[in-house]
Amino acid sequence: MPILEQPVLFLKQNTPLTVHASGHWQVHALTHPDAMSAIRATLANVPRNTLVKWDLSNIAALDHIGAQLLWNAWGKIRPQQLAVLPQHAEFFERLEQAGPLALPQRTKMRRLSLSTLGGWLTGALDHLSGFIALIGQFVMDLGRFAAHPLLGPWKEISANVFHTGYQALGITALVGLLIGVVLSYLSAQQLHTFGGDIYLVNILGMSIIRELGPLLAAILVAGRSGSSITAQLGVMRVTEELDAMLVMGLPHGFRLIMPKVLALAVSMPLLVIWTDAMALFGGMAAAEFELDLSPSYFIQKLPDAVPLANYWIGLGKGVVFGCLIALVACHFGLRIKPNTESLGQGTTISVVTAITIVILADAIFAIVFSNVGYY
Amino acid sequence: MIEVRNLWTQFGEFVVHQDLNLEIGQGEIVSLVGGSGSGKTTLLRQMLGLEKPTRGSVRVFGEDISRTAHLQETRNRWGMLFQHGALFSALTAFDNVAQPMRELRTLPEALVRDAVLLKLHMVGITPGDALKMPADLSGGMIKRVALARALALEPELLFLDEPTAGLDPNLSESFVELIRSLHQAMRLTVVMVTHDLDTLFALSTNIAVLAEKRVIAAGTPEQVLATPHPFIKQFFLGERGKRALEELHGSRHA
């Protein structure tokens, strides 16, 4: 690094009052912690009038930022009495030529007003109509696929089943197993207090097969595959791949969205079965430990405790949740604007919305099937 | 300013540079030219300290870039214009240029504001466009804003990667003019990588030709053109080269 002399301002109290400047008035010297505060302190003592004489002839080097600092101190007009070296004069000439530059006023946003409320409302309606249009497009693509199944995007579907299904087996197994153990311990202690040990199979079977299995799998898949679908579509928007597809006559709906939705509709129920099995296995192992409930009894009792209808409801939930997650992820993915911030925001909103919608759909399932699958 | 000594660069088995030597003096505008894959951009990235040479040294301002302890200070003394601008897409044009100044943490915000507006004015961006996001700017404006950002901290050395690629002839001519005027106004040393022969002859005071894994010729355009080497003949004296040369001679004589 070259050695920079600290930029200094000092006042000489003769008549007229003279301000002397010396040193390197360059940005890297000005950013020295002491330099800036010393200059500001001196500037505070300089009276704001045109009688002050400015002597800049001792300045060793000047740049645009140093010149701007002095220029601002002069109130953005050239002082009448100014001594400056010829090689430094051009900086001030450039500043003078540029004239006053000001940013246009940003319209200040009020915290809450009728218009922001209206903005939210139209935004929500926009999302809703966009989502409905997406579902409509999906149904039409599905019709096209059914009419000519051999021309369909089979490769994309199988690739997506692999990514969203097979590669999720590990994490769903781990979470399912642990939740099974936790639930089993928790229920076993409560049941033990009034001697209802054998009902553990009923509690675990019903809650896991009907509710927890599908919900756990859906939440994990929403976080895993939902975010990856949104990010993938978003990056395709940034790199203009989406536009390239349209130009080549490859419709987004048929080649991108439908394969993802179908793939999740296939892999989600399979993941639900897998998660159910793992959670029940965990619960069974914990029951053996905690209540001495033998695994053979557990397996024998399970079909009696849980009517088959619950199993079908769980699988149905898997299909619906899978479709919803894929559709929500695609919806937000296609709305990402070509910049990095929008990509991050879109992915977050996509996952949060997918999980919320899955839980909402779960509540609807609970209401609709309230009389099915119980004794 | 820049001194490259016995530089070797290898990617696995593939040798890009073999005993490459190059010197760049203060105040020069040096163009690195060469065929695709001849390692121009790699050399530029090594000067910037983004990549490490396998052997040899790259010294900028007398500091060995791959070993220096003052990399940050050195980086504040140069500016880089990336090929596609590389503006931060989450920030407005104004904030993009203000970012390096704010990063110093000591300049008052009013000074930063005026200094940024002056820099944008120098590259021909109006305050009205300063609050736009990069996504709303045209390709030419993105390059101008990126140039203003590269110049934000008053660098002594400016690196340009394909400064006129992707600009229409009119825009690229005015961009060349802009770089030329800034070179004079700010006493810059400029190092650029370019394929555009018009830009090359219009701007460079010196040319360095990369071929056969080394610099086969370096010097003023006239010196380089006089070098008898098949690559130079083919590169500069093809149809496009001849046209650019005619303009060069025309402007020198006029």
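## Basis of the description

This is a predicted model, in which local features need pLDDT of at least 70 and side-chain atom pairs count only at pLDDT 80 or more, while totals for chains, interfaces and linings use all residues. Residues are numbered from 1 along each chain as its sequence is written, and chains are lettered from A and ligands numbered from 1 in the order in which they are written.

Helices (H or I, at least four residues) and strands (E, at least two) are DSSP runs numbered from the N terminus.

## The sheet of chain A

In chain A, four strands are arranged as an open sheet in the order β1-β2-β3-β4, with mixed pairing; two strands are taken to pair if DSSP finds at least two bridges between them. The edges are held by β1 (8-12) and β4 (81-83) of chain A, each with a single partner strand, so one side of each has no neighbour in the sheet. From one strand to the next the twist averages 15°, angles being taken from 0 to 180 degrees between N-to-C directions, with axes as lines fitted to C-alpha atoms, for helices over the stretch in contact.

The pairing of β1(A) with β2(A) is antiparallel and runs over five bridges, and these two strands form a hairpin with five residues between them. On the other hand, β2 (residues 18-25) and β3 (residues 53-62) of chain A pair in the parallel sense over seven bridges, with His24(A) opposite Ala61(A) in β3(A).

## Helix packing in chain A

Helix α4 (residues 86-98) of chain A has 13 residues and reaches 19 Å from its first C-alpha to its last, close to the 18 Å expected at 1.5 Å a residue, where the expected span is 1.5 Å times one less than the number of residues. After α4(A) comes Gly99(A), whose phi is positive, near 70°. Helix α3 (residues 64-73) of chain A packs with α4(A) at an angle of about 65°, their axes 10 Å apart, in a right-handed crossing (left-handed if the near helix is turned anticlockwise from the far one by less than a right angle, right-handed if clockwise). The residues in contact (C-beta atoms, placed from the backbone, within 7 Å) are His64(A), Ala67(A), Gln68(A) and Trp71(A) of α3(A) and Phe91(A), Phe92(A) and Leu95(A) of α4(A). By class this contact has five nonpolar, two polar and no charged residues, with Ala, Val, Leu, Ile, Met, Phe, Trp, Tyr, Cys and Pro counted as nonpolar, Asp, Glu, Lys and Arg as charged, and the others, Gly among them, as polar.

Helices α8 (residues 200-238) and α13 (residues 340-368) of chain A pack at an angle of about 150°, with axes 9 Å apart, and their crossing is right-handed. Among the residues that make the contact are Gly223(A), Gly226(A) and Gly234(A) of α8(A) and Gly346(A), Val351(A) and Asp362(A) of α13(A); by class, the contact has 11 nonpolar, eight polar and one charged residues.

## The fold elements of chain B

Chain B also has an open sheet of four strands, in the order β2-β1-β4-β5 and with antiparallel pairing. Its edge strands are β2 (14-24) and β5 (63-64) of chain B, each pairing on one side only. Strand β1 (residues 2-11) of chain B pairs with β2(B) in the antiparallel sense over seven bridges, and Thr9(B) has His17(B) as its bridge partner in β2(B). Helix α1 (residues 40-47) of chain B packs on this sheet, touching β1, β2 and β4 (55-60) of chain B, and its direction makes about 65° with that of β4(B).

Helix α3 (residues 93-102) of chain B packs with α4(B) at an angle of about 125°, their axes 9 Å apart. That angle makes α3(B) oblique to α4(B) (under 35 degrees counts as roughly parallel, over 145 as roughly antiparallel, 65 to 115 as roughly perpendicular and the rest as oblique). The crossing is right-handed, and the contact of α3(B) with α4(B) has eight nonpolar, no polar and two charged residues.

## Where the chains meet

The contact between the chains takes 24 residues from chain B and 25 residues from chain A. On the side of chain B that touches chain A, the elements giving two or more residues are α2 (71-76), α4 (109-122) and α5 (127-130) of chain B, and the largest share, seven residues, comes from α4(B). By class, this side of chain B has 15 nonpolar, six polar and three charged residues.

Conventions
Contact = placed C-beta atoms within 7 Å.
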